[in-house]
Amino acid sequence: MSQSQSKLYWRCRRGMLELDLLLQRFLGHGYGSMDDSGRRVFEEEVLELSDQDLHDYLFGTRQPDDKEVARVIESIRTSQN
């Protein structure tokens, strides 16, 4: 694992086990197939969300207003299948 991958993996560790599992699984199964824009949104916007907002978005109780964030959230959700 490269240093940048290690840092990204570490940034995916959150205060909720459910989020840890979803984000780490996404790194292994979905992140690599995203385009550069999607990766940037994931790293610079999605990972900056609070745990509660991220939880609500990933479990579908709320939808993000930003269309690019919503696209990445959907990618995370669908990578779990």
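The questions below set values against definitions.

Modeller: This is a predicted model, in which local features need pLDDT of at least 70, side-chain atom pairs count only at pLDDT 80 or more, and totals for chains, interfaces and linings use all residues. Residues are numbered from 1 along each chain as its sequence is written, and side-chain values use heavy atoms, with hydrogens and water left out.

Biologist: Why is aspartate 20 called buried?

Modeller: Aspartate 20 has a relative accessible area of 12%. Buried means under 20% relative accessible area, exposed over 50%, and partly exposed in between (1.4 Å probe, protein chains only). Aspartate 20 is therefore classed as buried.

Biologist: Which residues does aspartate 20 contact, apart from its neighbours within four places in sequence?

Modeller: Aspartate 20 is in contact with Cys12, Arg13 and Arg14, where contact means heavy atoms within 4.5 Å.

Biologist: How do you know that the span of H2 is close to the expected one?

Modeller: Helices (H or I, at least four residues) and strands (E, at least two) are DSSP runs, numbered from the N terminus. The expected span of a helix is 1.5 Å times one less than its number of residues. H2 has 13 residues and reaches 18 Å from its first C-alpha to its last, close to the 18 Å expected.

Biologist: What makes a nonpolar core?

Modeller: Such a core is a set of buried Ala, Val, Leu, Ile, Met, Phe, Trp, Tyr and Cys residues joined through side-chain atoms within 4.5 Å. The largest here has 21 residues, and Phe42, Val46, Leu54 and Ile76 have the most contacts inside it. H2 gives the most to this core, with 5 residues.
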